[in-house]
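Here are my notes for someone opening this one for the first time. Have a look at the model, then work through the points below.

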Amino acid sequence: MELCNTDARMKQVKEFDESGIGVKGLLDSGITSIPLIFVHPPDQVPNKKPLSPHSTTNWEIPVINFCDLTNSGDRRSEIVNQIREASSTYGFFQIINHGISQIVIDKALSSVRSFHEQPIEIKNKYYGRAQNVCFMSNSDLYKSEAASWRDTLKVVVGPEPPVAEKLPEVCKNELMEWVHHATILGERVMELMCEGLGVRPGRLKEMRCSGSKILLGQYYPYCPQPELTLGLVPHTDHSIITLLLQDQIGGLQVKFEDEWINVKPIEGAITVNVGDFFQIISNDKYKSGEHCVLANSSQKSRVSVPLFFHPAGLTNNEDDNPTSYGPLPELVSQENPPCYRNFTLSEFWKHAQSRALCLKNLVNGFKIVE
């Protein structure tokens, strides 16, 4: 299939965006092939191939059991070691027995599905890109080379909680309940990750690293030509960490040593991944995991709910963010010099927002080149 040239693509992108119907709206219109703006270049197609079933490797994203975490001693040390190993290799792990009930998880996922499966007339009033609560398709639609087959509900949930009246009625209670529990869990995970680095457990909390949070309700409907597109392009998150709920459809993949590994859905599990910001402040001790989502070939739509943790005050106003960030001083010495220069949060965020999602080398913009 021939790809769009730049002028033709931008015209079609504008028409799609202004329609406000999203990918599900295209599917509901009865299309049997995807529009050209969703067709990815041929050199991106191999990115969609998972690890061969005949491969001799046994790579799997680690699953870490938080049972008995509150007990001091050997059990906690074991969990810290598992998190450190996973964070420094894959940049991803799943956790079970984390203390959040299956009911809370199921309601959060179900409410996102309910939002996206409402009539377009109801969803359309949320359509946009700049609001703290908005419905859209592809946050980098105007920057990317090709669009991806998904729709998104975005909710900025911190540092200030969203105004209740602005949240969609069909999912507001369920998502805010999830955010409450996930914030507690996220702070606990960051404490354990700090211990894995050898710094005091509350170090990231002192830096207000759970203060700013963004929740996405991702919806991946059936794609009539999944071999031509992606649900989410290969990328790394810009966050400190991300906590992810996913349903049982599957499609999330993580790149490790040039192979793509399926993240197997486990009922009740929560997926955690290291973000770019954490890779930088850990001075490359932890790895920001590259990942993607395949276009959905299942007749049932796939739903996921990532919650991104950022330092509080992550805005574009330099006056709001005078603090300088970089590798934690505790991790830097003559034997371990800093891998990154210092920067303000405003500088970091502007750099991130100026790029298409698939441009994965955000951390390289702050790398010290010898």
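**Notes on the fold**

1. Strand 11 (residues 291–294) runs antiparallel to strand 8 (residues 252–256), and 3 bridges join them. Strands here (E, at least two residues) and helices (H or I, at least four) are DSSP runs, numbered from the N terminus. Two strands are said to pair if DSSP finds at least two bridges between them.

2. A word on what you're looking at. Residues are numbered from 1 along each chain as its sequence is written, and this is a predicted model, where local features need pLDDT of at least 70, side-chain atom pairs count only at pLDDT 80 or more, and totals for chains, interfaces and linings use all residues. Side-chain values use heavy atoms, with hydrogens and water left out.

3. For the overall picture, the chain has 9 helices and 14 strands. Of its 370 residues, 53% are buried, where buried means under 20% relative accessible area, exposed over 50% and partly exposed in between (1.4 Å probe, protein chains only). Taking contacts in the chain with a separation of 6 or more, 78% come from residues 24 or more positions apart; a contact means heavy atoms within 4.5 Å.

4. Tyr220 has Arg302 of strand 12 as its bridge partner, while Ser212 has His310. Strand 7 (residues 241–246) also runs antiparallel to strand 12, joined by 6 bridges, and Leu243 stands opposite Leu307 there.

5. How many residues of strand 12 are buried? The count is 9 of the 9, so the strand is largely enclosed by the rest of the structure. Both faces are covered: Arg302, Ser304, Pro306, Phe308 and His310 are buried on one side, and Val303, Val305, Leu307 and Phe309 on the other.

6. Next, how do two of the helices meet? The axes of helix 3 and helix 6 (residues 172–197) come within 8 Å and cross at roughly 80°. That makes helix 3 roughly perpendicular to helix 6, the label for angles of 65 to 115 degrees (under 35 is roughly parallel, over 145 roughly antiparallel and the rest oblique). Axes are lines fitted to C-alpha atoms, for helices over the stretch in contact, and angles run from 0 to 180 degrees between N-to-C directions.

7. Who touches whom at that crossing? Arg76, Ile79, Val80, Ile83, Arg84 and Ser87 from helix 3 meet Glu191, Leu192, Met193, Glu195 and Gly196 from helix 6.

8. Phe38 and Trp149 make an edge-to-face pair, because their ring centres are 5.0 Å apart and their planes are at 75°. Phe38 is in the loop between helix 2 (22–28) and strand 1, and Trp149 is in the loop between strand 3 and strand 4 (151–158), so the pair ties together parts 111 residues apart in sequence. Both of these residues are buried.

9. Phe115 and Tyr126 are another edge-to-face pair, with 6.0 Å centre to centre and 65° between the planes. Phe115 belongs to helix 4 (residues 102–116) and Tyr126 to the loop between helix 5 (120–123) and strand 3, so this pair links parts 11 residues apart in sequence. Phe115 and Tyr126 are both buried. Elsewhere, ring pairs link Phe277, Tyr325, Phe343, Phe348 and Phe366 into a cluster.

Terms used: Phe/Tyr/Trp six-rings, centres within 6.5 Å; stacked < 30°, edge-to-face > 60°.
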